[in-house]
Amino acid sequence: MQDTTTPATIKVWDPLIRIFHWLLAAAFFTAYLSAEESQTIHTLAGYLISGLIVGRLLWGFIGTPHARFKDFIVGPGQVMRYGKSLLQRRSPRYLGHNPAGAVMIVLLLLSLTIVACSGMITLGIEEHAGPLAGWVQSMGWHDDDVAEEIHEFFANFTLLLVFVHISGVIIESLLHRDNLIKAMITGRKRPQS
Ligand code: HEM
């Protein structure tokens, strides 16, 4: 007989989180692929990434329960215990982000912030343009080599993180027979049993 008291799926990710995620993914790949092709597209995608990060940081404090940082950011001890259980294929299922996913999210947001800031500094030095141009000039920076190196290094580092992130999503989905990608589209997941 069908259980009518437990719903098949429940709401986990609010619309802002989902829009943020897919816009961020699209903007990152656009910025990465347009770097050598179009300065305008590259810069616009970079501004979109910056705006999305600022919005996500705010939403991490005032957003819906599973969007809040306090819902998923845990200490190193808990991350280690989760990592161990993952290796033993006994990791518990989380409705929101699990501790390993949370580490990945923090690294992605940090790395993207460095990419965005170093990009705007490079633009300020090279073209005297962008929101940091005035500040860059007031600092007397003329050599854009360091900022550009940092920008490129962290752009590639972010790409590496994205590969690990997607692999983690696939592994978690298989381990818990969840479809985490579908959940990031619909916002819904099977409830905890
Ligand atoms: C196109 C391939 C991608 C897929 C399939 C994908 C999938 C996912 C999924 C399923 C989640 C939720 C994980 C969970 O259930 O805990 C997630 C979260 C996240 N992903 Fe991705 N992702 C992709 C690309 C990216 C890219 C390119 C970035 C950044 C450059 C990114 C950054 C994030 C962030 C920051 C979160 C946390 C969402 C939040 O709480 O705001 N993802 N991703």
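A residue is called buried if 20 or more other C-beta atoms lie within 10 Å of its own, exposed if 12 or fewer, and partly exposed in between, with C-beta atoms placed from the backbone. This is a predicted model, where local features need pLDDT of at least 70, side-chain atom pairs count only at pLDDT 80 or more, and totals for chains, interfaces and linings use all residues. Residues are numbered from 1 along each chain as its sequence is written.

**View 1. R89 sits in the loop between α4 (76-87) and α5 (99-127).** Helices here are DSSP runs (H or I, at least four residues), numbered from the N terminus. R89 counts as exposed because it has 8 C-beta neighbours inside 10 Å. Take a look at its backbone, too: phi of R89 is near 55°, a positive value in a residue other than glycine. Most residues other than glycine have a negative phi.

**View 2. R177 is found in the loop between α7 (145-175) and α8 (180-186).** R177 isn't a glycine, yet its phi is positive, about 45°. Buried or exposed? R177 counts as exposed, because 8 C-beta neighbours lie inside 10 Å.

**View 3. Here's the shell of 21 residues around the ligand.** A residue belongs here if its C-beta atom, placed from the backbone, lies within 6 Å of the molecule. Coming nearest are A25, F28, H97, G101 and L180.

**View 4. Now for what the shell around the ligand is built from.** At least two residues each come from α1 (15-34), α5, α7 and α8, and α1 gives the largest share, six residues.
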